[in-house]
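Okay, thanks everyone, let's get going. I'd like to walk you through one structure today, a piece at a time.

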Amino acid sequence: MKFGIATFVDDDSIDPVSLARAIEERGFVSLQVAEHSHIPVSRESPYPDGGELPPWYYNTLDPFVTLAAAAAVTSTIELVTGVALLIQRDPIHTAKEAASIDLISGGRFVFGVGAGWNLEEMRDHGTDPKTRGARLDESIEAVVELWTNEPAEYHGRYVNIESSYCRPKPVQKPHPPIYVGGNSDATVRRVIRHGAGWISNPLPRDVLAKRIGQMRAGAGHDVPLAMFGTPIKPDYWRAAEDLGFSQLGLFLPSVGKDESLRLLDDYVAAVQKYQSGG
């Protein structure tokens, strides 16, 4: 099992260039970054983890800009959206941005996608929350179509693209890996439908086991598993590894450069101890 770093890159935390370099230098395999376009003042939608919404949600950098900056100063780490809120994005622009990062990085982009939880945020983008599942499915399919065909077209209920040329194409063939986020029966169906992996939150072990079992049964094979925001708890890492996770994105708080580098050093030590059986 491999370890990456998952974080909200903010305008008052460590900058993307320093962060990406530090992650790669320390032997981590990926940078996973979250997305929120904005946070409406209305708090109708409760924070899924309970309590007040953490401050880093309010000033998160755009994930594609962040990963492009990271791509330019690294050569090995995977560059992961964890997750891109695709129902709030134009699929044509998203396909181009993602393919551009894959090209710049030499084939290191990983497309984590999800529907999100903030209903007010969705509505501000013109998305009816009641349609978010269907929109997400169509948007994933449209992006894949734009990545893999030339010319490409897609015709759905919510996404409609006439025959078009869309370049660049991704370096990875047939396209970058796709991981779907979420924790629901609909998420299970979506992973199976798109032949995708699952990028989970750090859920309780029994919840993870239930969802993984559903996905494996429905897909008829092992589903690639990754996690965003894993706590620094080796016992939890062991449980995740036993369930079949191939990569954990350890959660790095949105803090300044000096504190971020200190935490990354601590994480390296914890990972080395874990991998040595300590």
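This is a predicted model: local features need pLDDT of at least 70, side-chain atom pairs count only at pLDDT 80 or more; totals for chains, interfaces and linings use all residues.

Let's begin with helix 1, which covers residues 16-25. Have a look at how it begins: a side-chain oxygen of Asp15 comes to within 3.2 Å of the backbone nitrogen of Val17. Now, which residues of this helix are buried? They are Pro16, Ser18, Leu19, Ala20, Ala22 and Ile23. And what do those buried residues pack against? Quite a list: strand 1 (2-7), strand 2 (30-33), helix 2 (63-72), strand 11 (247-252) and helix 9 (257-275). Just past the end of helix 1 you reach Gly27, with a positive phi of about 90°. As background, most residues other than glycine have a negative phi.

Next, go to helix 2 and find Thr66. Is Thr66 buried or exposed? Buried: its relative accessible area is 3%, and the cut-off for calling something buried is under 20%. Its side chain reaches the backbone oxygen of Asp62 at 2.8 Å. If you ignore residues up to four places away in sequence, Thr66 touches Val9, Pro16, Val33 and Leu61.

Where does the Asn118 side chain reach? To the backbone nitrogen of Glu120, at 3.2 Å. Setting aside neighbours within four places in sequence, Asn118 is in contact with Ile39, Pro40, Arg43, Ser45 and Gln88.

Now the peptide bonds. Most peptide bonds are trans. In the loop between strand 7 (160-164) and strand 8 (178-181) you'll find Pro168, and the bond joining Arg167 to Pro168 is cis, with omega about 10°. Pro174 lies in the loop between strand 7 and strand 8 as well, and a cis bond joins Lys173 to Pro174, with omega about 0°.

Last topic: helix packing. Take helix 3 (residues 91-105) and helix 5 (residues 132-148): their axes come within 9 Å and cross at roughly 50°. That angle is why we call helix 3 and helix 5 oblique to each other. The crossing is right-handed. On the helix 3 side, the contact uses Pro91, Ile92, Ala95, Ala98 and Ala99, and these meet Ser139, Ala142, Val143, Leu146 and Trp147 of helix 5. By class, that contact has 9 nonpolar residues, 1 polar and no charged.

The second pair is helix 7 (residues 205-219) with helix 8 (residues 234-243), whose axes come within 10 Å and cross at roughly 15°. So helix 7 runs roughly parallel to helix 8. This crossing is right-handed. Who meets whom? Arg205, Leu208, Ala209, Ile212 and Arg216 in helix 7 meet Tyr236, Ala239 and Leu243 in helix 8. The tally for this contact is 6 nonpolar, no polar and 2 charged residues.

That's my tour, so over to you for questions.

Key:
Residues are numbered from 1 along each chain as its sequence is written. Side-chain values use heavy atoms; hydrogens and water are left out. Buried means under 20% relative accessible area, exposed over 50%, partly exposed in between (1.4 Å probe, protein chains only). Helices (H or I, at least four residues) and strands (E, at least two) are DSSP runs, numbered from the N terminus. Contact means heavy atoms within 4.5 Å. A polar contact is a pair of N or O atoms within 3.5 Å; within protein, one must be able to donate a hydrogen and the other to accept it, and residues adjacent in sequence count only if both atoms are side-chain atoms. Axes are lines fitted to C-alpha atoms, for helices over the stretch in contact, and angles run from 0 to 180 degrees between N-to-C directions. Angles under 35 degrees count as roughly parallel, over 145 as roughly antiparallel, 65 to 115 as roughly perpendicular and the rest as oblique. A crossing is left-handed if the near helix is turned anticlockwise from the far one by less than a right angle, and right-handed if clockwise. Ala, Val, Leu, Ile, Met, Phe, Trp, Tyr, Cys and Pro count as nonpolar, Asp, Glu, Lys and Arg as charged, and the others, Gly among them, as polar.
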